[in-house]
Amino acid sequence: MAQPAHPTATHEGFAATPASEHGGGFPPFESHTFASQLIWLALAFGLLYYLMDKIALPRIQSILNDRANRLSSDLDEAQRLKAEADAAGAAYEKSLGDAQAKAQAIALETRTALTRDAETKRKALETELNAKIAASEATIRGRTAEAMGNVRGIAGETASAIVERLTGRSPDEAAIAKALDSVALPH
């Protein structure tokens, strides 16, 4: 590679200016400009402090106060709504308890009424059945008595027919009645 034509040229093609043309090193570190730099620093700091104190910080402070007030009012509103929700929940629980108690009372009343109706119907049915049983028993007793009355007549006729067949003559009715009286007939 060829050497640069100018002694201040670098190998990238940029000119490197010797430090002597600028007057020395880094400007903030030059001792003859410290006083003016400190004055400008103080002026800039003072101006920045004044702007922050009179314009920016009051705006930020008002924003923070508004936010704190809004948070406080929102918290108060949330507390009020929570109290209302708690009251509504308590009212709901109370009405639910009242409804359950009323439902139990209605169920008990219905059960009592149904039991009373069933008992009344049962007693009426028992009375009707007892009357039918008594009527049936009376009918059975009447028919049994009638049948037993007929048994005596049938037994007398049968005995008379047997005696007549065996002996060839008809027995005396008084003898048959006496014989039937001596034998106990079932009732």
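Predicted model: local features only at pLDDT ≥ 70, side-chain atom pairs only at ≥ 80, totals over all residues.

Me: Okay, is Ser160 buried or exposed here?

Reply: Ser160 counts as buried, because its relative accessibility is 13%. For the chain as a whole, 4% of the 187 residues count as buried.

Me: Where does Ser160 sit, and what does Ser160 touch?

Reply: Ser160 belongs to helix 1, which covers residues 34-167. Leaving out residues up to four places away in sequence, Ser160 touches Pro171 and Ile176.

Me: How many helices and strands does the chain have?

Reply: The count is two helices and zero strands. Helix 2 covers residues 173-182.

Me: How do I read the angle at which helix 1 and helix 2 pack?

Reply: The general idea is to sort angles into classes: over 145 degrees is roughly antiparallel, 65 to 115 is roughly perpendicular, and under 35 is roughly parallel, with the rest oblique. In this model the two helices pack at about 125°, and their axes are 10 Å apart. Helix 1 is therefore oblique to helix 2. The crossing of helix 1 past helix 2 is right-handed.

Me: Which residues make the contact?

Reply: Helix 1 brings Arg152, Ala155, Gly156 and Ser160, while helix 2 brings Ile176, Ala177, Leu180 and Asp181. Sorted by class, that contact has four nonpolar, two polar and two charged residues.

Me: What about the chain's surface and its contacts over sequence distance?

Reply: The chain exposes about 16,100 Å², with 64% of that supplied by carbon and sulfur atoms. Among contacts with a separation of 6 or more, 32% come from residues 24 or more positions apart.

Note on methods
Residues numbered from 1 in each chain as written. Heavy atoms only, no water. Helix = DSSP H or I, 4+ residues; strand = E, 2+ residues; numbered from the N terminus. Buried < 20%, exposed > 50% of the residue type's maximum accessible area, 1.4 Å probe, protein only. Contact = heavy atoms within 4.5 Å. Areas by Shrake-Rupley, 256 points an atom, 1.4 Å probe, with all protein chains shown as cover. Axes fitted to C-alpha atoms, helices over the stretch in contact; angles between N-to-C directions. Left-handed = near helix turned anticlockwise from the far one by under 90°. Nonpolar A, V, L, I, M, F, W, Y, C, P; charged D, E, K, R; others polar.
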